[in-house]
Every structure is written in C-alpha cells, then in structure tokens.
Amino acid sequence: MIELIQQNKFQELKEKIETAENSFQIHKFLGDVLNQTKVEIDGESFNAQKFQEEFFEGLEIFKALNMSNIPKNDFKEYSNILVQLAFKTGGFTKLMANTAMKNGVFLSDISDTYKVHPELRERFQEFINLLKEKNDVKSLANVAAAKAQITTSIGNLLEKKDIGIDMLQFADSYANVGQSEQAIQIYKGILNDFESESVKNSSGLFPEISQVDTRPEAEIEIFEKAKTQYEKLSGEKLPEVKRVHVNKNEQAKKLMQEVHKKEQEIRNEQVNKKAGFFDKLKNIFKK
C-alpha cells in the first residue's frame, strides 16, 4: 500500500483497498477519501483496543501521502481523519488511566489490560511536527492536547521535564488558536508544578528560603517559558523572586540544610502533639 502511494498509483490503491480484507479501519477510510466519499468519525469508527495500532498505521500512510501527488483536498480530508483518531487515542488512554487511578494503581500496573506502546508519544510528536510544517494550527492543537493526555497518563514512567515540555506544547498550541483562557490555565498549572520547591515549602514561614533554587536547569527553563507566556496572555505581572541555585552558592546549600532541620523539628513536634492528644483520650476513658 505504501509503495503504491509512493508511486502515485491511486487508482490501483483504491482497487487494492476495495478487494483486500483490511485489518485496519484506517485503510477503509483512506479508500473513502480517494473515492470522494464523505467520512464521518464517531464512537464506532474505530475499535478502541486498536486505537494505537490504527494510529501507527495511519501515520505511516500520512507520511507517504505527504510526499505524493495526492490532491490537496484529499490529503486534507485524510489528515482530518488521522487527527480525530489521535484525539480519540489520547482520550481513551486518559480514561483508562483515570479508571486505574480510581482503583489505586497506575495505568502501567495493568499493562495486561491496556498497555501504552513505548513509541506512542514519539509518534505523536512526529505527527505534530509534520502538522507544524503544514501550518495546520487547529489540528496541531488537537493532537498536542491528545499527546498531553497520554503523557499525564503515564507520568510515573517519565521524567518531570518530559511532562513539562508536553504541557508547554499543549498550552502554546491552544494560545495559537485563540483559546487564551484555556492556555492561561495550563500555563498556571505548569507554574505551580515547576516552581522551586523551596518557595512552595516555605509558605512564608522562612522568607529567606525563597532565594534557594534546587531545580534542574531543564525544569527552570520550562518554568520561565510558562511564566513569560502566562504574563503575555493574562496581562498579569508575576512577582520576581530572587533565587540562588543551591549548586552555585554554598550559603544557599547551608540554608537548605537548616530549613530541612527546622522542617524535621516541626514534623517531630506534630507527632508528639498527636501522641499527647491520644494519651489524653486514654486518660479520659480510664475515668
């Protein structure tokens, strides 16, 4: 099939699709596109358990069509189908992850029920990059959103920076299609997740700790990009926090050690108070 596309033999391709027993639904939809038959994608269009396999096959066809002489309208129609398949794949993966979480496990813990293919995120990004080349910002936003769903569904298997990069892409793509309020909320979530832990943990009790930054450079970069975009879209200027990275300042390192010591003392005090409370309860019941 790919070879026929590469050779621009679309009539032969249509005949092959019509006569073959296709294991992929995406083949049938490609045939419909080539036959100028309108395609409506609904909940029954694809087998949910085969979303990933259908997407992989669909992407290979997309890449071949992208280099072929297929009419622009036909290519656009097929691209729209693949975008919808990608969106359904992301949504279904997130649904499975949420169901697993409700039962106290990660999606990766039930791979015998539903396994996310290791290359799925990479293939989604490949599709996103191709859509960027086409300047198809609406489709790009949908696929970026779907990739973010997949990423957060297997977040326990990824590095924090990988999650941040995908969430930034998600927010940027929404901003590019005028979904400013949604983009602002995504940026706000990134800012909260990638703020320096010392700033969040101090909670105003130790103002000086807001100067200490323990984050890796990649996480700092994600935070700063989200901050710039958030301020640009919201019109809100966030307060500047004077930070000193713990790896670049010996005093900052000592300060962190002191705060950790203070936090441990507070935790110990809370444990003792709790123990004292239960002792009082015991005495009351003895009376």
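Tutor: The account below takes the core and then its aromatic rings.

This is a predicted model, in which local features need pLDDT of at least 70, side-chain atom pairs count only at pLDDT 80 or more, and totals for chains, interfaces and linings use all residues. Residues are numbered from 1 along each chain as its sequence is written, and side-chain values use heavy atoms, with hydrogens and water left out.

A nonpolar core is a set of buried Ala, Val, Leu, Ile, Met, Phe, Trp, Tyr and Cys residues joined through side-chain atoms within 4.5 Å; buried means under 20% relative accessible area, exposed over 50% and partly exposed in between, with a 1.4 Å probe and protein chains only. The largest such core has 48 residues, and L30, F55, L65 and F127 have the most contacts inside it.

Setting aside neighbours within four places in sequence, F127 is in contact (heavy atoms within 4.5 Å) with F55, L59, F62, S79, L82, V83 and V143.

Rings of Phe, Tyr and Trp (its six-membered ring) pair if their centres lie within 6.5 Å; planes under 30 degrees apart count as stacked, over 60 as edge-to-face and the rest as tilted. Ring pairs link F55, F56, F62, F75, F124 and F127 into a cluster. Within it, F55 and F56 form a tilted pair, 6.5 Å centre to centre with 55° between the planes. F55 is buried at 0% relative accessible area, and F56 is buried at 18%. F62 and F75 also form a tilted pair, at 5.0 Å and 35°.
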